[in-house]
Amino acid sequence: MNPRSIRQACAVAGTATLVGLVLVAPGAAAAPSPDPAAAKAAAQRAQAGLYTGHVEVVRGEAADPEVLTGTVFHDRDKDSTQDRREKGVAGVQVSNGRDVVTTDGKGRYSIPAYEGMTVFVTQPAGYQVPVDEDKVAQFSYNHLPEGSPELKYGGIEPTGPLPEAVNFPLAKSKATGKAQQSCPIASDTQAYNMKEMGYARDGAVADLMDRDDYASCGILLLGDNVGDDLSLNPALRDIYADANGPIRLAPGNHDMDYDAADDTHALDTFRQQFGPGYFSYDVGQAHVVVLDNVIYNGAKEGGKNGGYKEAIDDQQLEWLENDLAEVPANKLVVVAAHAPIVDHRMVVTDNAAELYDVLEGRNAVTIGGHTHMLENLLPGDTREEWVKGGVPELEHTQLVAGAVSGNWYSGGLDEQGLPYAFMTDGARPGVLTLELDGNEFSERYTIRGESDDLQLALGVNTPHWREWAAKQLEWRDGGKVGAAPALGDERLVSADDLAGESWLTANFYAGSSDARVEVSIDGGAAVEAEHTQPMQGEALAQGWEYSDTFAATRNLLTSGGVTQSNAHLWRLPLPADLDAGTHTAEVTATDHHGREFTETLRFTVTDERAAAKATVLRDEVPGKVPAGIGVTANG
């Protein structure tokens, strides 16, 4: 077992992490073997200016108890303390969560102080803020003299009076100034216990830890980082601690202090352990804004979760206007928040229209998580439900980032012992990456354990399947009374099925309203499939006939949510005159960036649905059979 494996095993076991451990055979001298990949990653981190440090707090009496002062400085020796020869950095934004000021020619700032504020620096491109030992970015200071009210998970420790100064160290970094950046966004890790933390560690998080392309931009954890139990925060830190770049975190509705009386202190533990609930930073030619769009209602009796609403409070909107006032018009503005602003079903963030007013005229993209789905909604898209919610038409791309946990670690286990966790839209656990090229961007979603080429799941939707799905859902959720409904071969199409409405379905994970999906059956001419949610002002299309049968079947047979609408599902009616026998459908999907993906599905047409004892469900990924899904009785 290598040291990293031991560190991870300790994290999952809930024991202390072993630091600097070397395994030595009896009588042998310790001789650590070189690791080329680790050496490469270390070199990239150094080139990106990544270093361990902290914000410098100069204790002493503030000259004015209502004004915080300090310096943003170039930390040349990376000791987190401004020395005489370390100059200030001019033109850097500093905020108290409401006001935004810019440092003068010597890097100095002064800003109004108020109790409960978190003061933070906006990292400029060409510099890097320090990180702690777990790679969490260090760029803020909490001011709460008496500390939080009594909270189960601690909240903010008393900070005492306003200090003499708070200085923000920066290291120069050519890498953060480059136009090309890879920026992974990992949403909804959402482990509720150490077992699920292990699933995350060995799944999508392991993929991230093996990557070496984000040393300058870092990882953004997009909320619901744990599942209600904030004592899991150290374990969360541990599974991401081998990251190749800085880690920044947005809060989600499962990251709050539920025993807080109201929203004022609902993120105190988060702020103590990770940083501000909202902030901004620059990388390349992009300005990244992280918002908190979850407003807590306050605890119920006994400190129980009192619920929340998805909205952006007035102070944040004021701050965002002030923040963007300092951002050049030609920069890309990336707005990330736990809850999406809209998804394909509804306006999610209540005051979305107010946010869009602030972003008017900006080259912007909004990114959310929360729904455990994957979506790519484009400018010009419109939905009947959005119009009712005050958003007539999208002006900016809205990405929904999927989830590290997929469908909350549900379903059967794969050959790696990880839950399949198909999300309700059929997508699988994974990580979204925003690829920046100047002030333009593209996006890619990497399914856990797979290459970026896997972007399609194919299936057959027949009257028989729809009848089975409805019965199976009722049986599964009704206590599994009596025998399970019989499905049989999910890729068998009877003459009766063809006489009804049957479709070949293509779930194109990267799909949008500008995507194209074409199908060639048995080598014939390619025919364009229909997008089930074209985003042209129509109402939501939903029902079993709009489901991804591949994912829905597996979730119905085990566990996990099953939806009956999908932002990225295409379908093509099966010809009613197909001959009996096995047929091949080649499906080619092209996303709005022009990238092509091809998969093939084989299905069988028969005169009647023959009885058989059992049928193994096959996975779309060549060479893999879903462990834990098993067999079903045929009918």
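## Exercises on strands and rings

Strand 10 (residues 180-186) and strand 21 (residues 430-437) run antiparallel, joined by six bridges. We're working on a predicted model, where local features need pLDDT of at least 70, side-chain atom pairs count only at pLDDT 80 or more, and totals for chains, interfaces and linings use all residues. Residues are numbered from 1 along each chain as its sequence is written, and side-chain values use heavy atoms, with hydrogens and water left out.

**Exercise 1.** Work out the strand order of the open sheet of five strands.

*Solution.* Start with the terms: strands are DSSP runs of E, at least two residues, numbered from the N terminus, and two of them pair if DSSP finds at least two bridges between them. The order then reads 12-11-10-21-22, with mixed pairing. Strand 12 (247-250) and strand 22 (440-447) sit at the edges, each pairing on one side only. Now zoom in on a residue: isoleucine 185 stands opposite leucine 432 in strand 21.

**Exercise 2.** Classify the aromatic pair of tyrosine 420 and phenylalanine 422.

*Solution.* Grab the cut-offs: rings of Phe, Tyr and Trp (its six-membered ring) pair if their centres lie within 6.5 Å; planes under 30 degrees apart are stacked, over 60 edge-to-face, the rest tilted. Here you get 5.6 Å centre to centre and 5° between the planes, so the pair is stacked by definition. Tyrosine 420 and phenylalanine 422 are buried (under 20% relative accessible area, 1.4 Å probe, protein chains only).

**Exercise 3.** Find which residues ring pairs link into a cluster.

Note on methods:
Helices (H or I, at least four residues) and strands (E, at least two) are DSSP runs, numbered from the N terminus. Buried means under 20% relative accessible area, exposed over 50%, partly exposed in between (1.4 Å probe, protein chains only).
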